[in-house]
Amino acid sequence: MAVTTLDPRTALVVIDLQNGIVGNPGLAPHAAADVVERAVRLADAFRGHGLPVVLVRVTAAADGADAVRGRIDGPSRARSFPEGWDVIVDELAGHPGDITVTKRNWGAFYGTDLDLQLRRRGITQIVLAGIATSIGVESSARAAHEHGYHVTLATDAMSDLDPETHRNSVERIFPRLGETGTTEEIVELLDKTRA
C-alpha cells in the first residue's frame, strides 16, 4: 500500500545517518550516499513546510558503561569507535530548528526524549528514514506505532547491512505498522496537502 495521508502535524525522523554508519560500504539495497541524498530531500521539504525534522544519532560511552546488556548469540557489542563516528553527516547537520535525539540502543524512543519532543509539538504522525532498516528504523517504527503515532516509512531512504533483512522489514513488517512510500511520493503528497 502506498502512502495516502500526511497529518497536519507530521515530523520527519531520520535514524542514524551519522559518519560511522553512513561510512559502511556494505549497505544494500541502497547505497549510503543515495539514502543521505533522499533524506536531505525529505528534510528540505519538511523544513520548507515548517514541519519538524528530528535527527537521531546513536552513541556509546568510551568505556562501554552505557552499552545494552544481555546475552546474545551474535557478535559481541563491546567495541571502540573512532572519534566522530557518532556525528550527524554534514549534509543533514547545521539547521538550527532541527531536533537532535541521542540514543544508546536500537530504537529512537526507549531511553530518549523523542516522544516528549514530538508530543510537545502536537505531532501525530512521523515519517521515518535512515540506516539500518531492520534495526534502528524498524525498532523506531514499532515503538512509534505502540505510542499511537501514524507511521510512514520512506522505503528508498533507508538501507541495511543485508538486502534480505531490508526486504523483510519493508514487505512483511512495515505494512503492519503504517504506510510505505518513496521519497518522491512523500514529498509530492506533502506539497499537495500543504499547497
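Serine 140 is buried, with 0% relative accessible area; buried means under 20%, exposed over 50%, and partly exposed in between, using a 1.4 Å probe and protein chains only. Serine 140 sits in helix H4, residues 133-146. Helices here are DSSP runs of H or I with at least four residues, strands are runs of E with at least two, and both are numbered from the N terminus. Leaving out residues up to four places away in sequence, serine 140 touches Ile15, Trp106, Gly107, Ala108, Phe109 and Leu128. Contact means heavy atoms within 4.5 Å.

A word on the model. This is a predicted model, in which local features need pLDDT of at least 70 and side-chain atom pairs count only at pLDDT 80 or more, while totals for chains, interfaces and linings use all residues. Residues are numbered from 1 along each chain as its sequence is written, and side-chain values use heavy atoms, with hydrogens and water left out.

Now the chain as a whole. It has six helices and six strands, in the order β-α-α-β-β-α-β-α-β-α-β-α along the sequence. The radius of gyration is 16 Å, close to the 16 Å from the globule rule for 195 residues, so the chain is as compact as a globular protein of that length. That radius is taken over C-alpha atoms, and the rule is 2.2 Å times the number of residues to the power 0.38. Along the principal axes, the C-alpha atoms fill a box of roughly 50 × 35 × 30 Å.

Of the 195 residues, 48% count as buried. Among contacts in the chain with a separation of 6 or more, 84% are between residues 24 or more positions apart. The accessible surface is about 9800 Å², and 51% of that belongs to carbon and sulfur atoms; these areas come from the Shrake-Rupley method with a 1.4 Å probe, and for residues only the protein chains shown count as cover.

On charge, there are 20 positive and 27 negative side chains, with the centres of the two sets 6 Å apart. Lys and Arg count as positive, Asp and Glu as negative, and His and the chain ends are not counted. Each charge is placed at NZ of Lys, CZ of Arg, CG of Asp or CD of Glu.

Next, the interior. In soluble globular proteins, nonpolar side chains tend to be buried together. A nonpolar core here is a set of buried Ala, Val, Leu, Ile, Met, Phe, Trp, Tyr and Cys residues joined through side-chain atoms within 4.5 Å. Which residues touch the most other members of the largest core? They are Leu12, Leu17, Leu42, Leu92 and Ile131, out of 35 residues. At least two residues of this core come from each of S1 (10-15), H1 (19-22), H2 (32-48), S2 (53-58), S4 (125-131), S5 (150-159) and H6 (183-193). Helix H2 gives the most, with nine residues. Apart from this core lies another, of 26 residues, including Leu128, Tyr149, Leu153 and Val170.

Beyond residues up to four places away in sequence, leucine 12 touches Ala39, Leu42, Ala43, Phe46, Pro52, Val53, Val54 and Val127.

Threonine 155 is in S5 and counts as buried at 15% relative accessibility. Leaving aside neighbours within four places in sequence, histidine 150 is in contact with Asp7, Thr124, Gln125 and Ile126. Histidine 150 and glutamate 179 are 29 residues apart in sequence and 8.4 Å apart in space, C-alpha to C-alpha.

Last, the backbone. Most residues other than glycine have a negative phi, and most peptide bonds are trans. Where are the cis bonds? One joins alanine 28 and proline 29, with omega about 5°; proline 29 is in the loop between H1 and H2. Another runs from isoleucine 131 to alanine 132, with omega near 5°, and alanine 132 is in the loop between S4 and H4. Aspartate 16 is not a glycine, yet has a positive phi of about 55°. Aspartate 16 lies in the loop between S1 and H1 and is buried, at 5% relative accessible area.
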